Amino acid sequence: MRKKIVAGNWKMNTLLKDGMELAKAVEKLEKEKTSDALVIIAPPFTHLSRVKELIENVKLSAQDCAYEASGAFTGEVSPGMLVSTGVEYVIIGHSERRIFYNEGNELLNKKVKLALSEGLKPIFCCGEVLEQREAGKLFDVIREQLEVGLKDLSTVEINEVVIAYEPVWAIGTGVVATPDQAQEMHKFIRDLVVELFDEQVAENMTLLYGGSCKPSNASELFANPDVDGGLIGGASLKAEDFLAIVNAY
Ligand code: PGA
């Protein structure tokens with residue numbers, strides 16, 4: 001059975017105290033939710049172990065991880081460290097990492113493999129920039145991101161992966177993909193997963209949409225057969241808005 005997921009990517013927002021308040025509020029509203037979607041939050045690294053103590057039903061994700069398990073990598077946080085603080089998921093390949101920190105598909109593949117080997121479930125992001133869409137290259141871009149990023153995963157491993165389609169032109173811009181644009185790409189991604197893995201993997205794969213998803217547009221996006229939830233940025237910083245998106249299911 002395909003899992004429905006709504007995940008909140010807090011990005012580089014909230015000081016510890018505010019983050020703890022937000023986590024508490026999300027946990028409280030989660031208990032009253034009217035949908036069966038799994039709720040995940042991805043606070044900054046510094047908050048993870050404290051937030052973990054405040055949540056029960058809500059699952060914990062990191063926003064990134066290192067591509068090496070340990071050693072002389074100043075400033076990096078390894079998947080093993082994340083697991084040791086109670087983290088279950090990790091966002092890998094967010095467009096902000098790809099664009100601001102030059103993370104390419106090969107490097108992201110190393111992160112995915114290491115995260116899986118340490119027991120984390122990757123939320124693997126893909127998405128095209130506006131120029132690529134306008135030039136008609138959007139499907140080629142997504143194909144390459146997924147072909148390389150998810151290369152050489154076993155069936156057991158790929159079954160732990162969640163894919164998030166986040167058109168870069170929709171992230172934080174207020175411009176949301178239309179339900180048809182989202183469905184078109186999600187269908188393409190599911191077909192690609194059949195090609196790269198198999199029918200069963202694709203059928204079970206949770207595909208999230210991300211990019212200016214809000215309480216007002218979530219239900220029409222989630223109504224698409226190949227959209228299995230959302231990766232929410234800005235609207236995840238208010239517990240009421242975030243849970244309104246969860247309840248849009
Ligand atoms: P947004 O961000 O909801 O603020 O557009 C989504 C994301 O980057 O994950």
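## Loop residues with positive phi

Lys11 is located in the loop that joins β1 (5-9) to α1 (16-31); helices (H or I, at least four residues) and strands (E, at least two) are DSSP runs, numbered from the N terminus. The model is predicted, so local features need pLDDT of at least 70 and side-chain atom pairs count only at pLDDT 80 or more, while totals for chains, interfaces and linings use all residues. Residues are numbered from 1 along each chain as its sequence is written, and side-chain values use heavy atoms, with hydrogens and water left out.

Although Lys11 is not a glycine, its phi is positive, at about 55 degrees. Most residues other than glycine have a negative phi. Ser212, also not a glycine, has a positive phi of about 55 degrees. Ser212 belongs to the loop between β7 (207-210) and α11 (215-222). With a relative accessible area of 14%, Ser212 is buried (buried means under 20% relative accessible area, exposed over 50%, partly exposed in between, with a 1.4 Å probe and protein chains only).

## Surroundings of Ile171

Ile171 lies in the loop between β6 (162-165) and α9 (179-196). Its relative accessible area is 14%, so Ile171 is buried. Leaving aside residues up to four places away in sequence, Ile171 touches Lys11, His94, Ser95, Glu96, Glu166 and Gly211; contact means heavy atoms within 4.5 Å. Ile171 and Ile232 are separated by 61 residues in sequence and by 9.3 Å in space, C-alpha to C-alpha.

## Cysteines

The structure contains zero disulfides, a disulfide being a pair of cysteine sulfur atoms within 2.5 Å. For Cys125, the closest cysteine sulfur is that of Cys126, 7.6 Å away and therefore too far for a bond. For Cys213, the closest cysteine sulfur is in Cys125, at 14 Å, which is also too far for a bond. Cys125 is buried, with a relative accessible area of 1%, and Cys213 is buried with 5%.

## Packing of α11 and α12

The axes of α11 and helix α12 (residues 239-246) come within 8 Å and cross at roughly 20 degrees. Axes are lines fitted to C-alpha atoms, for helices over the stretch in contact, and angles run from 0 to 180 degrees between N-to-C directions. This makes α11 roughly parallel to α12 (under 35 degrees is roughly parallel, over 145 roughly antiparallel, 65 to 115 roughly perpendicular and the rest oblique).

Pro215, Ala218 and Phe222 in α11 meet Asp241, Ala244 and Ile245 in α12. By class, this contact has five nonpolar, no polar and one charged residues; Ala, Val, Leu, Ile, Met, Phe, Trp, Tyr, Cys and Pro count as nonpolar, Asp, Glu, Lys and Arg as charged, and the others, Gly among them, as polar.
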